[in-house]
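User: Please take a close look at one part of this protein, the packing of its helices. I would like one connected account.

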Amino acid sequence: MGNNVMKQRQDAGEQLKTSLGVLKMKTPISVSSGTFDLETLEFYDQNCLGAFVCKTITREPKKGNPPPRLYETEAGLINSIGLQNPGLDMFIKENLPRYREELSVPLIVSFSGSSTDEFCEMLEMLEAQEGIDGYEINISCPNVENEGIAFGTQADVVHNLVSRLKPLTKRELCIKLSPNVTDITEIAKAAEAGGATSLALINSLYGMAVDHQTGMSRIKMGVGGYTGMGIKPVALALTYKTAQVVDIPIVAMGGIYDWKDALEFIWAGASAIALGTAHFVNPLAAPEVMMGLGDYLLNNNKSMNDIKGACRFS
Ligand SMILES: Cc1cc2nc3c(=O)[nH]c(=O)nc-3n(C[C@H](O)[C@H](O)[C@H](O)COP(=O)(O)O)c2cc1C
């Protein structure tokens, strides 16, 4: 009996395999940037993850926004962390060696720049480091060359940025898209045409919460990033729409809490999924999603490829 269960798990392991552009993943599960760090890995065997994405790094250290900067709404979370991070030099000196030592799954480094040149400089510095399997380019940030308008909101700017980054690396080059745009499919096509090997979506939506008694904003900065349960239908629709127009793989995220949510995104066209806000309520979300997905695939005799993008309408 015990052996049968073990055998089942190994079979599920085979069926759970997926890949991005150049990165092979043992499972379709990763963690979304900023919501998870090495400490959380103490809760379970990290091999349930197909990749690990670190918190977004900027060229210079950022101390982040003043508190309060997290607020739990009726259906999700509003955050205003402000990209708090140690900066690239410190990341390379201190964080990266720890990741190398403690991670047994592929490491994807998320980073963000304030100009195209700065993105390129950061990528060149990271390329000189070992133990990095890919990059997630966070383009939800103001572009100093373009009056502070976020990189990710203009297709031509995204195309130019990705075209400049592409020749600098052979590692996974995943572009993380913001939902706060008029048409995400235009941005996705621009990233693909520029040479992205995969896309991650979605980053947080704009969100706000106000104390109805006092009129005081629940977070110091007023408007923040809305994530978690309430954004799932939006993320699912944007995943579906994007999968219709690009050939490169999609890592989908936005309100995924359990294996059923994860499956919905795979049906809609995702090759992999990431867990984010779910970690705040259930640190064991990743192994649970792996078990649930594995069981579903085994019981239905399906592989990831059978399901990916096969969502039907009647
Ligand atoms: C507290 C917090 C911090 C985040 N920090 C980052 C970040 O540094 N870089 C980034 O690209 N996304 C960041 N995100 C967005 C998540 O990576 C993810 O795109 C978003 O939360 C949607 O997924 P979810 O609904 O499963 O949380 C953050 C989200 C939260 C809740």
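Analyst: A crossing counts as right-handed if the near helix is turned clockwise from the far one by less than a right angle, and as left-handed if anticlockwise. That term is needed for helix 5 and helix 6, whose crossing is right-handed. The model is predicted.

First, the setting. The protein has 10 helices and 14 strands. Its C-alpha trace spans about 60 × 55 × 45 Å along the principal axes. A compact globule of 314 residues would have a radius of gyration near 20 Å, and the 19 Å of the protein agrees with that. Of the 314 residues, 45% count as buried. Among contacts with a separation of 6 or more, 71% join residues 24 or more positions apart.

Now the part itself, helix 5. Two packed helices are described by the angle between their axes and the distance between the axes. Helix 5 covers residues 184–194. Its buried residues are Ile184, Ile187, Ala188, Ala190, Ala191 and Glu192. Note that Glu192 is on that list. The cover over these buried residues includes helix 4, strand 9 (172–176), strand 10 (198–201) and helix 6 (232–245). Just after helix 5 comes glycine 195, with a positive phi of about 120°.

Take helix 6 as a partner. Helix 5 and helix 6 have axes 9 Å apart and pack at an angle of about 45°. The two are therefore oblique to each other. On the helix 5 side, Ile184, Thr185, Ala188 and Lys189 make the contact. They meet Leu238, Lys241, Thr242 and Val245 of helix 6. By type, the residues of this contact are 4 nonpolar, 2 polar and 2 charged. Ile184 and Ala188 are buried, and both belong to this contact.

Next, helix 4. The axes of helix 4 and helix 5 come within 8 Å and cross at roughly 25°. That makes helix 4 roughly parallel to helix 5. The crossing is right-handed. From helix 4, the contact uses Ala155, Val158, His159, Val162 and Ser163. From helix 5, it uses Glu186, Ile187, Ala190, Ala191, Ala193 and Gly194. These residues divide into 7 nonpolar, 3 polar and 1 charged. Ile187, Ala190 and Ala191 are buried, and they take part in this contact with helix 4.

Helix 4 also packs on helix 3. Helix 3 spans residues 116–127 and helix 4 spans residues 155–165. Their axes lie 10 Å apart, at an angle of about 25°. Helix 3 is thus roughly parallel to helix 4. This crossing, too, is right-handed. Thr116, Phe119, Cys120 and Leu123 of helix 3 meet Asn160, Leu161, Arg164 and Leu165 of helix 4. The contact holds 5 nonpolar, 2 polar and 1 charged residue.

Alanine 270 sits in the loop between helix 7 (259–268) and strand 14 (272–275). Alanine 270 is buried, because 33 other C-beta atoms lie within 10 Å. Beyond its neighbours within four places in sequence, alanine 270 contacts Thr239, Ile250, Val251, Ala252 and Phe265. Cysteine 120, from the helix 3 contact, is 150 residues from alanine 270 along the chain. Their C-alpha atoms are separated by 28 Å.

Notes: Residues numbered from 1 in each chain as written. Predicted model: local features only at pLDDT ≥ 70, side-chain atom pairs only at ≥ 80, totals over all residues. Helix = DSSP H or I, 4+ residues; strand = E, 2+ residues; numbered from the N terminus. Buried ≥ 20, exposed ≤ 12 C-beta atoms within 10 Å, placed from the backbone. Contact = placed C-beta atoms within 7 Å. Axes fitted to C-alpha atoms, helices over the stretch in contact; angles between N-to-C directions. Parallel < 35°, antiparallel > 145°, perpendicular 65-115°, else oblique. Nonpolar A, V, L, I, M, F, W, Y, C, P; charged D, E, K, R; others polar. Rg over C-alpha atoms; globule rule 2.2 N^0.38 Å.
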